[in-house]
Amino acid sequence: MKRLLILFLFCQSSIADDALVNPVAKKIKSQIIKTLNAKGYNELDGFCDLMLEMRHNKAFTKVHRVRTHGDPKLCKVAKKAVPKKQYRYKNYEKLIRIQIVF
């Protein structure tokens, strides 16, 4: 199972962010960036990779767990800025990867 996951991650490395192809990820990323800019955290330097685990219920999905990797200050703020509301989806995605760069 671990080998399959590693192979999958290497195949997906060409796309750094799911917001390029997934409308739910694009909406979540725009809301995170809007929150960070509104609270004045746009001076932070670095990057943060967010892995969002989603829970699905019929035609809706909701953020269940957020894992981060990157600059600790930026990741802490970005993790708190993730909206915990429901989104309507078309394509089933259990994990969504979002990259925040300032």
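Confidence in this predicted model is lowest in helix α1, residues 2-11, where the mean pLDDT is 63, and highest in strand β2, where the mean is 95. For the protein, the mean pLDDT is 87, and 87% of the residues reach 70 or more.

I turn now to the sheet. In what order do the 4 strands lie? The order is β3-β2-β1-β4, in an open sheet with antiparallel pairing. The edges are formed by β3, residues 86-88, and by β4, each of which pairs on one side only. From one strand to the next, the twist averages 40°.

Two helices accompany this sheet. Helix α2, residues 23-38, packs on the sheet and touches β1, β2, β3 and β4; the direction of α2 makes about 35° with that of β4. Helix α3, residues 72-81, also packs on the sheet, with contacts to β1, β2 and β4, and its direction makes about 170° with that of β2.

Let us now follow strand β1 through its pairings. Strand β1 covers residues 47-57, and β2 covers residues 60-70. These two strands are antiparallel and share 10 bridges. Within that pairing, Leu50 has Thr68 of β2 as its bridge partner, and Leu52 has Val66 of β2. How many residues lie between β1 and β2 in their hairpin? There are 2 residues between them, and Lys58 in the turn has a positive phi of about 55°.

On its pairing with β4, residues 95-101, strand β1 is again antiparallel, and 7 bridges join the two. One of the residues concerned is Glu53, whose bridge partner in β4 is Leu95. As a general point on reading such strands, side chains in a regular strand alternate between the two faces of the sheet.

A search of the whole structure finds 1 cavity of 30 Å³ or more, and the volume of the largest cavity is about 40 Å³. Which residues line the largest cavity? The lining consists of Asn22, Val24, Met54, His56, Thr61, Tyr89, Asn91, Glu93 and Ile96. Sorted by class, this lining has 4 nonpolar, 4 polar and 1 charged residues. Met54 and His56, both in this lining, fall within the residue range of β1, 47-57. Thr61, also in the lining, falls within the range of β2, 60-70, and Ile96 within that of β4, 95-101.

Thank you for your attention.

Terms used: Residues numbered from 1 in each chain as written. Predicted model: local features only at pLDDT ≥ 70, side-chain atom pairs only at ≥ 80, totals over all residues. Heavy atoms only, no water. Pairing = 2+ DSSP bridges. pLDDT = per-residue confidence, 0-100. Axes fitted to C-alpha atoms, helices over the stretch in contact; angles between N-to-C directions. Contact = heavy atoms within 4.5 Å. 1 Å grid on protein atoms, 1.4 Å probe; cavity = no way out; pocket = protein on both sides within 12 Å on 5 of 7 lines; lining within 4 Å. Points joined across faces, edges and corners; volume = space filled by probe spheres on them. Nonpolar A, V, L, I, M, F, W, Y, C, P; charged D, E, K, R; others polar.
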